[in-house]
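Trainee: I would like to go through the strands and the chain contacts of this model. Can we take them one at a time?

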Number of protein chains: 4
Amino acid sequence: MSLTLDICRTLADAALATGREKGMKPLGVVIVDARGAVRLTLVEDGNAPLRADIAHGKAFGCVMVGVGGRALERMAKDRPHFVTALGGLTKDRIAPVPGGVLIRDAAGAVLGAVGISGDSSDNDEVCALAGIAAVGLKADTGA
Amino acid sequence: MSLTLDICRTLADAALATGREKGMKPLGVVIVDARGAVRLTLVEDGNAPLRADIAHGKAFGCVMVGVGGRALERMAKDRPHFVTALGGLTKDRIAPVPGGVLIRDAAGAVLGAVGISGDSSDNDEVCALAGIAAVGLKADTGA
Amino acid sequence: MSLTLDICRTLADAALATGREKGMKPLGVVIVDARGAVRLTLVEDGNAPLRADIAHGKAFGCVMVGVGGRALERMAKDRPHFVTALGGLTKDRIAPVPGGVLIRDAAGAVLGAVGISGDSSDNDEVCALAGIAAVGLKADTGA
Amino acid sequence: MSLTLDICRTLADAALATGREKGMKPLGVVIVDARGAVRLTLVEDGNAPLRADIAHGKAFGCVMVGVGGRALERMAKDRPHFVTALGGLTKDRIAPVPGGVLIRDAAGAVLGAVGISGDSSDNDEVCALAGIAAVGLKADTGA
């Protein structure tokens, strides 16, 4: 199974709808596939210019390292020199914080990751989980 | 007037629909606003990993330099050292070829740009123009 | 409303006049617009070579992340791995300290930011606030 | 003698006044001193986001290599591998085209350089020369 554009659209729409229902700040969502290639970006009105880059950094970091955003944040706190190195290896394209969530199939294989940014990292993650649930796939936050 | 996410969605959907109608190869579309910030990325199934980056390079280059992709390509042919320098100034994020089209309002102000990649550059541009027409804005290919 | 060069000149002159009145060290001031594009830089005589870059890092960081310099500094203290990531995402062009102040219009929309460097960060900020007051716009220090 | 901020202001104002008198497109002007440090940036309304960076690349390249922009362009055409290397050595901050002009004192010592961008490179250079003439210093275009 692979992450089709149709799946990405449904996932992202559900994630953004959750943010609107809960009255969150304007969000940006990025979905990368198992290769780390961007398949979808949607940035709501009223965001700062860096929004898409932060959301990308969350999703891209998860796929490239193979863990969820909470695991990346633990690594950043416990072994900052290692996450600094991961940043260097990826040309500084990783954001090691919650709001990046791996997308796995029923067997656990990584299909990609979604990254959301705009509200608190915890709220960003709530939206990511709602999106992944909407397409019937498994979320891995790294918690 | 500014480029809302709703406008971006309508523009991109019309561009991708054009590609499907004409039997083009799978496409990637990126829309950046007047700040050069990504607002939308959609990459159809079956693309190479670099597709979103190429489409981004087309759109981003148009906004940052303030001209359409055909003007950038002419510059690259006539003054390659200058376009190499533009690449350096933007950390190599410019793709100076057709398929990048400025989006202008009725008064001519730049609202952003769309970049499409996947088929020939000429076909990519056809889809960009269809998208911009669908939202009633003015296209500037740099021709 | 947008940040014209005339507004930038008046803002910067008032900021530098404040530094002179208060006997501060030589200052550098940078103003970026809502796109993150530099509109004005003025560096007084007697500064170290990096002065303009520091002032730019303050202003640019505010606009790209959408918060004032004091908010960036809090983030840097509370979540250093996140601000390190923001640095990476912007190619290390952010200086997350006071002296960077968002410029908002009456409705709260971000028009740009001013960054000042040269004296203490608190004094730098005093000059930024004087400059923004001189053009009748709203300052957001992130406090 | 050194390049004071007062000199930079007078130079830049004369350069921009020339552009307005001749009906040129909106311009951006950057002045760097003999160390390569930015002392002044002014970008007129209606410019693309990259304008200040291009003007900086012209001025910075002149000072760092010690020749005028026309000499840099000749080098870029005659020995592209060398100018590519100069770009690498400066982290791609050089724009090797006319519109970058060295500012020399009466004895020929380099005080800095001015870079102008926005109209044709030839017109940009006309404004740079007018600015340097207004402060009674010697211009070196590299011609």
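Trainee: In what order do the 10 strands of the open sheet with chains C and D stand?

Mentor: This is a predicted model. In it, 10 strands drawn from chains C and D form an open sheet, and the pairing is antiparallel. The order is β5(C)-β3(C)-β4(C)-β1(C)-β2(C)-β2(D)-β1(D)-β4(D)-β3(D)-β5(D).

Trainee: Which strands stand at the edges of that sheet, each with a single partner strand?

Mentor: A strand with a single partner has one side left without a neighbour in the sheet, so the edges can be read from the pairing. The strands in question cover 138–140 in chain C and 138–140 in chain D. They are β5 of chain C and β5 of chain D.

Trainee: By how many degrees are neighbouring strands of this sheet turned against each other on average?

Mentor: The angle is taken between neighbouring strands, with direction ignored. The average is 20 degrees.

Trainee: Within chain C, which residue stands opposite C:Val30?

Mentor: Strand β1 of chain C covers residues 28–33 and pairs with strand β2, residues 38–43, in the antiparallel sense over five bridges. The residue opposite C:Val30 lies in β2(C). That residue is C:Thr41.

Trainee: Where the sheet passes from chain C to chain D, which residue stands opposite C:Thr41?

Mentor: The strands β2(C) and β2(D) run antiparallel and are joined by three bridges. The residue opposite C:Thr41 is in β2(D). Its name is D:Thr41.

Trainee: How much area do chain D and chain C bury between them?

Mentor: The size of an interface is often given as the accessible area lost when the parts come together. Here the contact takes 20 residues from chain D and 20 residues from chain C. Of the buried area, 48% is on carbon and sulfur atoms. The total is about 1600 Å².

Trainee: How far apart are the closest N and O atoms in the salt bridge of D:Arg39 with C:Asp45?

Mentor: The rule finds four salt bridges across the interface of chain D and chain C, and D:Arg39 with C:Asp45 is one of the pairs that form a salt bridge. The cut-off for such a pair is 4 Å. The closest N and O atoms are 2.5 Å apart.

Trainee: Which element gives the most to the side of chain D that touches chain C?

Mentor: Two elements of chain D, α1 (5–21) and β2 (38–43), each supply at least two residues of that side. The residues of the side divide into 11 nonpolar, three polar and six charged. The element that gives the most supplies six residues, and this is β2(D).

Trainee: Turning to the other two chains, with which residue does A:Arg9 form a salt bridge?

Mentor: Chain A has 20 residues in contact with 20 residues of chain B. Across this interface the rule finds four salt bridges, and there are 11 residue pairs in polar contact. In the salt bridge of A:Arg9 the closest N and O atoms are 3.0 Å apart, and the partner is B:Asp13.

Trainee: What is the bridge partner of A:Leu42 in β2(B)?

Mentor: β2(A) pairs with strand β2 of chain B, residues 38–43, in the antiparallel sense over three bridges. In β2(B), the partner of A:Leu42 is B:Leu40.

How values were computed: Residues are numbered from 1 along each chain as its sequence is written. Chains are lettered from A and ligands numbered from 1 in the order in which they are written. This is a predicted model: local features need pLDDT of at least 70, side-chain atom pairs count only at pLDDT 80 or more; totals for chains, interfaces and linings use all residues. Side-chain values use heavy atoms; hydrogens and water are left out. Two strands pair if DSSP finds at least two bridges between them. Helices (H or I, at least four residues) and strands (E, at least two) are DSSP runs, numbered from the N terminus. Axes are lines fitted to C-alpha atoms, for helices over the stretch in contact, and angles run from 0 to 180 degrees between N-to-C directions. Contact means heavy atoms within 4.5 Å. Buried area is the accessible area (1.4 Å probe) that two parts lose on being put together, summed over both. A salt bridge is a side-chain nitrogen of Lys or Arg within 4 Å of a carboxyl oxygen of Asp or Glu. Ala, Val, Leu, Ile, Met, Phe, Trp, Tyr, Cys and Pro count as nonpolar, Asp, Glu, Lys and Arg as charged, and the others, Gly among them, as polar. A polar contact is a pair of N or O atoms within 3.5 Å; within protein, one must be able to donate a hydrogen and the other to accept it, and residues adjacent in sequence count only if both atoms are side-chain atoms.
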